[in-house]
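User: I'm new to this one. Can you walk me through a few of its strands and helices?
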Amino acid sequence: MARWLKLSAAALLALAFSTLCDFRHSLILNSRLAGNGGPPKPKLGRTLRHRLEPADNDAEARPPRCVMPPERRFDCGRDRALGRRECERRACCYAPLDDSSAAPWCFYPHPYPGYQMGVLTPTLRGREAALTRASASYLPRDVAVLHLEETRQSAGCLRLTLKDPWSERYEVELPGGVPQGKSGSQDALYTVAYKSKPFGFIVRRASNGRVIMNSTVAPLLFAEQYLQLSTTLASSLVSGLGEHYTSLLLDLNWTSLTLWNRDMAPHAGANLYGSHPFYVVQEEDGLAHGVFLLNSNAIEVVLQPLPALTWVSTGGVLDLYVFMGPDAQTVIRQYLRVIGFPMMPPYWSLGFHLCRWGYKSTNATRQVAQRMHDANFPMDVQWNDLDYASQGRVFTEDPLRFGDLKEMVDEFHQRGIKYVLILDPGISATSPPGTYQPFDDGLKRDVFIKNATGHLLLGKVWPGFTAFPDFTNPETRQWWQDCIVDFYSEVPLDGLWIDMNEPTSFVSGSTEGCPDTELENPPYTPRVLGGRLSSWTLCMSARQKRSAHYDLHNVYGLTQAFATHSALVKARGKRPFVLSRSSFPSIGRFSGVWTGDVRSDWEQLAYSIPSVLRFGLFGVPLAGADVCGFGGDASEELCVRWMQLGAFYPFMRNHNDRPNAVRRARSGDTFSCVIARLHRCPPQPQEPYVFGQKAQAAMRDALRLRYSLLPFLYTLFHHAHASGDTVARPLFMEFPADPRCRVIDRQFLWGSSVLVSPVLEAGAAEVSAYLPPGTWYSLRSVSRATSIHRFMGSRRPKRSIRCSSSGSADVQRRRGRASVGPSGHRQHPREGGTRYPPAGWCGTVTTHRHCVKEPALTSAVSRRNAFFLTVALSADGTARGDLFWDDGDSVDTFQSGNYSYVLFAAGQSQVASEPIRLNGALDGLVLGGTRVFGVPSPPRYVAANGEEVKDFTYNADTKVLKVSGLALPMSKMFTVQWALTCAAPRYP
């Protein structure tokens with residue numbers, strides 16, 4: 001709910017502040033450019049830069065240790081702007097460049113004085129050594145002695161930690177604890193070598209000697225509020241380091257990325273809602289590795305075209321994990337073993353969610369849900385934004401507009417619809433004593449964040465002056481649980497949406513300002529919006545149980561998600577659903593995320609794909625963008641396309657801004673936001689039923705396709721929860737040896753078997769989709785395309801959404817996966833518009849639940865329908881897959897063994913099931929039919945469990961066999977056979 005109103009309620013004031021802040025930063029930028037080349041982007045014009053100081057092209061006049069190509073320069077003045085004199089006082093090199101390069105002008109010579117490593121001594125799980133400095137660095141309060149610890153976490157995971165052995169510093173503790181496995185006895189996939197003076201380390205891949213990290217290229221710096229470590233990169237194919245508005249592959253041309261959680265609508269160059277100091281590198285031969293810095297302080301990451309990377313943190317310790325893969329999916333699993341595997345979401349949470357800031361009463365909310373039902377749109381969850389709360393205070397109900405909230409929720413439940421509402425962390429401090437229990441009880445239990453003097457810190461959010469719970473305090477988590485349990489007793493909600501939890505405050509710091517301390521004004525501040533760490537949030541000197549907010553800001557949303565997840569388990573006794581805006585590593589164990597206040601435009605539609613894929617890399621598979629956009633008006637065409645793409649987000653919710661809220665004009669001009677305010681231009685509704693009949697048909701078709709695939713999607717989430725697989729994944733994870741797949745982020749996969757290639761441009765009549773090698777089938781049109789590294793152009797009628805499963809593709813991946821889903825859609829005529837290209841790949845078994853009557857409008861109903869099995873044969877006529885099935889709502893069903901699991905295998909002209917585990921969840925459910933892609937010739941006979949089946953068809957053009965009229969129990973083994981010759985079928 002990072003409302004556009006926040007940019008406009010005091011629009012002129014905020015705009016003026018932003019402009020002044022930008023101007024101040026431009027002065028700093030200009031000063032820095034005069035000294036050392038300045039920040040990577042934006043670049044100054046050639047005239048200004050040359051006016052500041054001419055380029056130095058006389059390499060022969062420089063000392064040999066200062067002669068190096070621009071891409072090898074590591075910035076010696078990242079902490080502040082430096083002129084030549086100050087640069088050389090640091091014993092660094094100074095050489096101006098022209099504007100063809102954004103490389104720094106002040107840079108470290110090689111070598112540069114630093115720490116010296118003592119003797120390496122063995123430990124139980126690795127080695128350790130002391131690092132000492134002979135003389136102080138140029139940083140204030142630098143640390144003279146460090147402790148290096150090398151730990152073998154596993155054969156594929158190396159941990160390197162650098163700490164101050166004499167002074168306790170804040171270290172991140174992930175909530176809930178993460179079980180750490182044994183290191184094992186296998187040979188390590190890495191080797192580590194050290195340079196003693198100046199200190200540095202080199203990590204190599206054991207199999208081929210490739211350098212994964214090399215920190216000897218620049219000095220290690222470690223001071224009280226400044227930590228810096230540089231390393232080379234094994235390739236330029238780097239993904240991760242969120243949350244930012246970027247493509248999937250990061251730009252290494254002197255790009256600076258700041259990790260500091262901030263309430264800001266997604267746009268380029270900004271630090272956004274979450275911080276994830278983790279990246280994945282695709283190596284040139286298809287191998288991959290990853291690196292994670294476990295540090296929650298403000299971080300700047302500088303990428304340069306060497307390729308190389310520099311971490312700069314404002315505090316904490318350097319706690320590095322190196323994951324050796326050797327493939328990208330294994331890298332993610334290794335990462336999740338450190339931060340924890342993601343939660344298993346409730347089955348219903350994978351359905352369609354509908355929300356708007358501006359459903360101003362229970363009657364308005366009821367009407368929305370009823371109109372969705374009347375228009376025959378599948379929907380599982382109805383939401384309310386803060387409209388429900390009395391005077392914006394959480395844990396209350398507006399007595400006039402939402403006085404019958406409980407009755408409304410009970411009505412929804414009777415219809416199989418779930419209910420979610422928003423729960424901001426800010427607790428109103430303005431109510432008279434004794435009238436607002438959450439605040440009164442919180443004061444008594446001492447659960448709120450304090451200012452530097454130990455008094456209650458007050459910020460300002462929707463209800464006015466607010467206090468902020470300290471979720472690092474166990475008593476706060478218990479208080480939060482008590483509040484949720486009490487509220488649940490009045491309103492039986494099904495999930496909670498925790499927003500504004502960066503945390504956000506409309507007054508920067510506090511209502512009384514912040515003290516002038518080193519925490520508020522550190523010697524180095526990364527490039528954050530607003531120019532100060534406290535901008536739009538709390539004072540850095542604010543006191544929390546674990547440490548100062550300076551250290552804990554980036555984990556605030558994570559700690560709230562942990563507390564909310566636990567509270568919902570206590571309140572409901574069922575699997576919790578939590579959606580958080582702020583995020584940090586480990587958030588996926590407790591919550592899903594969405595990408596914040598995206599604009600309703602085509603650019604943000606396209607960028608939503610890499611945003612969702614990145615969260616998959618970060619261990620947060622339950623992710624999505626606001627379908628049709630949050631801010632501004634979505635045209636009918638845009639909303640149709642967004643619904644078609646959103647049908648393949650792991651988390652699908654349509655949500656937009658409130659009526660009469662301030663919004664940006666389509667031009668994006670800042671001042672037109674103010675003009676819009678004067679004219680009171682309301683964002684238009686974007687519920688599916690408000691559009692024309694053809695658009696509604698396309699949206700309905702997309703939703704029905706999603707609902708037909710829900711069991712498949714649910715099985716993917718099981719694999720994510722149990723073994724760390726990704727759900728929505730980039731193509732490079734399945735086809736690592738294909739160079740084209742390394743850069744694609746306008747297409748993506750569900751698991752290994754469904755490839756989605758959406759329409760992302762206005763007025764598009766066709767889509768050019770890249771198909772990796774193999775045979776590809778369309779699930780909807782049943783067409784077939786054989787690809788050997790090629791793009792396929794397809795015309796895209798609006799009401800046909802294509803995705804496919806295919807035959808043989810990557811040599812390393814000959815086994816497909818089972819996809820399961822209740823088939824709640826019908827084929828429609830392809831009338832003008834757009835569709836998806838084929839999806840999937842080799843050896844896939846896709847299981848659909850087939851709605852034999854009117855398609856179900858909720859997942860609760862569709863779960864009871866028959867399954868329909870789709871088999872896409874590989875070139876050798878085989879396929880494999882699986883189905884995970886439980887009640888969809890109980891806690892820890894996998895851990896307790898309370899689930900069913902079925903394998904499917906196809907080969908030798910038959911498809912068979914093998915129940916591996918049964919718990920009764922599949923009792924009464926049947927296989928209603930099957931569809932087999934890639935059958936080479938017409939079958940003469942078809943048999944099911946040894947009995948001949950008459951109800952089958954074969955399409956000679958598409959090579960698809962369709963068998964209908966089955967009723968085979970899913971809880972028992974079954975076999976469907978077909979004979980391609982005149983011989984009688986081989987019955988069991």
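User: What does β7 pair with, besides β6?
Analyst: This is a predicted model. In it, β7 pairs with strand β19, residues 318-323. The pairing is antiparallel and runs over six bridges.
User: Which residue stands opposite Arg159 there?
Analyst: Tyr321 in β19.
User: And how many bridges link β6 and β7?
Analyst: Seven, again in the antiparallel sense. Strand β6 covers residues 145-154. Arg152 stands opposite Leu158 in β7. A hairpin of two residues joins β6 to β7.
User: Is β7 mostly covered or mostly open?
Analyst: Mostly covered. Strand β7 spans residues 157-163, and five of its seven residues are buried.
User: New topic. What is the strand order in the open sheet of three strands?
Analyst: The order is β23-β25-β24, with antiparallel pairing. The edge strands are β23 (427-428) and β24 (459-461), and each pairs on one side only.
User: How many bridges does β23 make with β25?
Analyst: Two, in the antiparallel sense. Strand β25 covers residues 464-467. The bridge partner of Ser428 in β25 is Thr466.
User: Now a helix. What span should α14 have, and why?
Analyst: Helix α14 has 16 residues, 693-708. At 1.5 Å a residue they should span 22 Å.
User: How many of the α14 residues are buried?
Analyst: 14 of the 16, so α14 is mostly covered, with buried meaning under 20% relative accessible area.

Technical notes
Residues are numbered from 1 along each chain as its sequence is written. This is a predicted model: local features need pLDDT of at least 70, side-chain atom pairs count only at pLDDT 80 or more; totals for chains, interfaces and linings use all residues. Side-chain values use heavy atoms; hydrogens and water are left out. Buried means under 20% relative accessible area, exposed over 50%, partly exposed in between (1.4 Å probe, protein chains only). Helices (H or I, at least four residues) and strands (E, at least two) are DSSP runs, numbered from the N terminus. Two strands pair if DSSP finds at least two bridges between them. The expected span of a helix is 1.5 Å times one less than its number of residues.
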